[in-house]
Amino acid sequence: MSLESAASHKKINLRRPDIMTAVQAQVLTHYRSELVERIRANGGVIATSELTIKLAKEFGFCYGVERAIDLAYAAKKYFSEVSPHTPIYLLGEIIHNPEVNDQISNLGIQIISPKPTDEELEQLQSGDAVIIPAFGTEVGTRKKIEAKGCIIVDTTCGDVMSVWKRVRQYSKESVTSIIHGKAKHEETKATTSQARAYGSGHYLVVFNLGETDYVCDYILNGGDKHAFLEKFKGAHSDGFDPDLHLRAVGVANQTTMLRGETEEVQRRFKAVMIKKYGAAEVEKHFRFFDTICGATQDRQDALEKLLVEPMNLLIVVGGYNSSNTSHLAEMGEAKLPTYFIMNAAKMQSDKLIVHYDQHKKQEVETRDWLPAGKINVGITAGASCPNNLIEDTIRRLFELRGVSVQELLAG
Ligand code: SF4
């Protein structure tokens, strides 16, 4: 990994073995859990006569998140040694987990807006370091930071960049990118900016199958253009005209969506293009590229397997603005009582849990959530959740049952 200052084109190697060795040791002390590793080695289960906890086979930090955190810590170490007065800024959040962002902030890295305000841009000086988070940043934001002569520490995940590549290709071919994702999510915003950066491409973000059907119906039957643009306000490119720009579409997705839903979005767009233009012509009107990342897929697959086992409830741990975590919670909700919590403190007692309701977009309270008697509890966590938070969750559950994990492991 190298960093490049737009002003000087100076390359800085952050991946020096001495830096990375020190950084990885520091990262482990912040986020590792020996307890979780021990339970994993034991088949993912820890039990007493009354409480059995089962961990999903895959959960927590993904390779993209680990890389982003390592690079942020490495930047701090590098600049502390060579230029201690160089300010280091982070655009928004390194990943979607408040505890991790607090740690980054505690290192002395200053958090500014994901899309810096004019005032924030004014404050940036040539030679300052600016970290781009794992989900990337918009093309315009990057250009502005480069123009200031800042040194960019780009931690954008390779899987996000492969979506960009696909969307740029659509754009060059004047194919409108249909992005299955959340229009306000940083990754999707960065991706849509790529659709506008090259050629004459347009984009439209669809969030779910309901929106997909609305667009498909418009493709087939036309409709009220004004109502269409109003419905997708903030989710389409400037100048987007549904009468002109839905003749050829290419589907891509935010990397962390539910795979089943993304496949259905692709299937419905393809079906409508066949219906409108005929099977022989479909290639001129429809493209797709599956851009769900491997880590998201592994966590969804592992949870699907866990959900087949008998369980009384599921705990999903992670940041409330984490897309991949919210989909894990969605999968759980469809099968059993599921509590999406930011950390173990949300399990206030065995009678009260405070958890995130993603439909209401707020925390809610549930009473009498932990059944008495012998129970099985499943635990999973999104790609941005460190193992130490899983450990806290396991300890808290046993504590609520009056059992010390220390005694349990010794016994
Ligand atoms: S969830 Fe996927 S796309 Fe996001 S950082 Fe992890 S590996 Fe990369």
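Begin by selecting Tyr214, Tyr218, Phe228, Phe232 and Phe240, which form one aromatic cluster; rings of Phe, Tyr and Trp (its six-membered ring) pair if their centres lie within 6.5 Å, and planes under 30 degrees apart count as stacked, over 60 as edge-to-face and the rest as tilted. The model is a predicted one, in which local features need pLDDT of at least 70 and side-chain atom pairs count only at pLDDT 80 or more, while totals for chains, interfaces and linings use all residues. Residues are numbered from 1 along each chain as its sequence is written, and side-chain values use heavy atoms, with hydrogens and water left out.

The structure holds 13 aromatic pairs. For one of them, select tyrosine 31 and phenylalanine 61, whose edge-to-face arrangement has 5.6 Å centre to centre and 65° between the planes. Tyrosine 31 lies in helix α1 and phenylalanine 61 in the loop between β4 (51-55) and α3, so this pair ties together parts that are 30 residues apart in sequence; helices (H or I, at least four residues) and strands (E, at least two) are DSSP runs, numbered from the N terminus. Tyrosine 31 counts as buried at 5% relative accessibility, and phenylalanine 61 is buried with a relative accessible area of 17%, where buried means under 20% relative accessible area, exposed over 50% and partly exposed in between (1.4 Å probe, protein chains only).

Next, select strand β5 (residues 88-91), from which Ile88 and Leu90 point one way and Tyr89 and Leu91 the other way, all of them buried. Three bridges join β5 to the parallel strand β7 (residues 129-132), where alanine 129 is the bridge partner of isoleucine 88. Three bridges also join β5 to strand β6 (residues 110-112), again in parallel, and there glutamine 110 is the bridge partner of tyrosine 89; two strands pair if DSSP finds at least two bridges between them.

Of its 35 residues, Ile69, Tyr73, Ile94, Ile95, Val100, Ile104 and Ile131 touch the most other members. The largest share of this core, ten residues, comes from α3. Select isoleucine 95 to end: not counting residues up to four places away in sequence, its contacts (heavy atoms within 4.5 Å) include Phe61, Val65, Ala134 and Ser384.

Terms used:
Core = buried A, V, L, I, M, F, W, Y, C linked by side-chain atoms within 4.5 Å.
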